[in-house]
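Biologist: I am new to this structure. Could you walk me through how to read it?

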Amino acid sequence: MSEWWFVVLVVVLWLAVGLGTAAVFVTRGGHRSLLWYLVGGLLGPLFVPIAAERGRARPQLVDVRHQPSGPTGTGLRVLVGVDGSTHADRALRAVAHTLTGSTSELVLVTVTSPDLTDDEARREHERARRMIEDRVAALPDGLPRPTTTIVSGHPVDALLTVADDRDVDLMVVGRHGHGLGDRLLGSVAEGLIQRSTRAVLLGSLPGR
């Protein structure tokens with residue numbers, strides 16, 4: 001009887017470690033595919049080094065357009081995370097209405113999932129491109145021509161990477177997101193606050 005209990009205990013621990021690792025990997029790594037839970041359950045503790053290695057992968061730049069030759073004037077360099085959600089759009093409007101005339105460089109960033117097949121990645125890229133171009137078209141004339149960037153990877157890592165590459169002064173994101181792939185959620189805003197060395201504006205400014 002004790003041998004059966006030992007086998008059951010080993011199986012339970014194997015599944016617990018694997019599924020727990022998969023949960024952390026999916027929620028913190030920007031991954032959407034639920035197949036990672038199956039992989040975690042099958043591999044158990046063997047999935048830990050795999051998740052750790054994949055978790056350190058640098059976000060991949062997918063597409064950059066409308067990139068100006070350089071900042072215009074001496075105003076703020078601002079990065080705005082967009083995902084098609086109401087909260088992200090409200091944050092973008094806050095920048096458009098409040099920082100017009102005081103922004104020297106504007107960078108719009110959206111983040112896509114790293115766990116996609118070639119066809120899925122192509123469709124999501126097209127969807128992201130349409131979404132971000134719609135936001136660009138609605139910007140007022142007083143803002144500089146924006147750089148638009150699509151990045152594949154973990155949302156926090158992706159936004160911080162672009163912020164470092166562009167050396168922005170201010171990062172603007174919605175408090176929550178329910179748009180393109182749920183890329184900019186409350187946990188992402190919290191992650192930026194904890195990890196960013198730059199100013200972070202969450203949601204809209206008062207009255208916007």
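Biologist: What pattern does the protein chain follow, read along the sequence?

Modeller: First, a caution: this is a predicted model. Read along the sequence, the pattern is α-α-α-β-β-α-β-α-β-α-β-α-β. That gives the protein chain 7 helices and 6 strands.

Biologist: In what order do the strands lie in the sheet?

Modeller: The sheet is open, and its 6 strands run in the order 1-4-3-2-5-6. Their pairing is mixed.

Biologist: Which strands stand at the edges?

Modeller: Strand 1 (60-65) and strand 6 (199-202) do. Each has a single partner strand, so one side of each is left without a neighbour in the sheet. From one strand to the next, the twist averages 25 degrees.

Biologist: In what sense do strand 2 and strand 3 pair?

Modeller: In the parallel sense, over 6 bridges. Strand 2 covers residues 76-81, and strand 3 covers residues 103-112. To place the pair by eye, find valine 78: leucine 106 in strand 3 stands opposite.

Biologist: Which strands does helix 4 lie across?

Modeller: Helix 4 (residues 86-98) lies across strand 2, strand 3 and strand 5 (170-173). The helix runs at about 165 degrees to strand 2.

Biologist: How many of the 208 residues are buried, as a percentage?

Modeller: Buried residues make up 45%; the cut-off is under 20% relative accessible area. The accessible surface of the protein chain comes to about 11,100 Å². Carbon and sulfur atoms hold 58% of that surface.

Biologist: And what about contacts between residues at least 6 apart in sequence?

Modeller: Of those contacts in the protein chain, 79% join residues at least 24 apart.

Notes
Residues numbered from 1 in each chain as written. Predicted model: local features only at pLDDT ≥ 70, side-chain atom pairs only at ≥ 80, totals over all residues. Heavy atoms only, no water. Pairing = 2+ DSSP bridges. Helix = DSSP H or I, 4+ residues; strand = E, 2+ residues; numbered from the N terminus. Axes fitted to C-alpha atoms, helices over the stretch in contact; angles between N-to-C directions. Contact = heavy atoms within 4.5 Å. Buried < 20%, exposed > 50% of the residue type's maximum accessible area, 1.4 Å probe, protein only. Areas by Shrake-Rupley, 256 points an atom, 1.4 Å probe, with all protein chains shown as cover.
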